[in-house]
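I opened a new page for this protein.

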Amino acid sequence: MGDGLKKKFFLFFLLLSSNAFASSLFLEAELRGINNTCLNYLGQIESSYDLNGLNITFAHPDNPSILPSLHISSQKYNNGSSSFSATLTPDGDQCYLSSIMITAINNQSCSAIAEIKVNNDKNLQSSTFAEGIYIILTPKDSSYQTILTSSGENACTITESRMMWPGK
């Protein structure tokens, strides 16, 4: 990719992601004019995941209420970090949502984390692959999937992904 094209992409994304240090994803989305239904979903998700790190919103500068938007939050903990991403796609009074939450934990094994999760939620099905390197946790309704990936003897990366089509 040529330097001129790289600069144009950079400027385009810079314009879409202004106010990167908003106090919350909900407030940033509200200020940007995101669709009210999508805004409501984003507020619920932000609250349920307790997102309060560095927040970035990408939204169309002219039509943020009718075009998809991307919302990112990153947070550091004393034993790791997490990154959350949600894409909200308005469709009239509906809003389609895909989200992913990735958490890196530096002081606990994937098998120990999976055991805790399954013991706390008997609805989860557990599958292990590649001699324990990967553990997939799926609820009976398949509403989301959690993949635990071993990143060392006592470290784990947890990826939770979800797709929602409310009302459809």
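My entries on the core, the hairpin and the surface follow.

I note that this is a predicted model, where local features need pLDDT of at least 70, side-chain atom pairs count only at pLDDT 80 or more, and totals for chains, interfaces and linings use all residues. Numbering runs from 1 along each chain as its sequence is written, and side-chain values use heavy atoms, with hydrogens and water left out.

**Core.** I looked up the largest nonpolar core and found 16 residues. Such a core is a set of buried Ala, Val, Leu, Ile, Met, Phe, Trp, Tyr and Cys residues joined through side-chain atoms within 4.5 Å; buried means under 20% relative accessible area, exposed over 50%, partly exposed in between (1.4 Å probe, protein chains only). F84 and L88 have the most contacts inside this core. Helix 3 (36-49) is among the elements that give it two or more residues. Helices (H or I, at least four residues) and strands (E, at least two) are DSSP runs, numbered from the N terminus. Helix 3 gives the most, five residues.

I turned to strand 5 (residues 124-129). Strand 5 pairs with strand 6 (residues 134-139) in the antiparallel sense, over six bridges; pairing takes at least two DSSP bridges between two strands. S127 has I136 as its bridge partner in strand 6. Four residues lie between the strands, and A130 takes a positive phi near 50 degrees.

**Surface.** Is F129 buried or partly exposed? I found F129 partly exposed, at 44% relative accessible area. F129 lies in strand 5.
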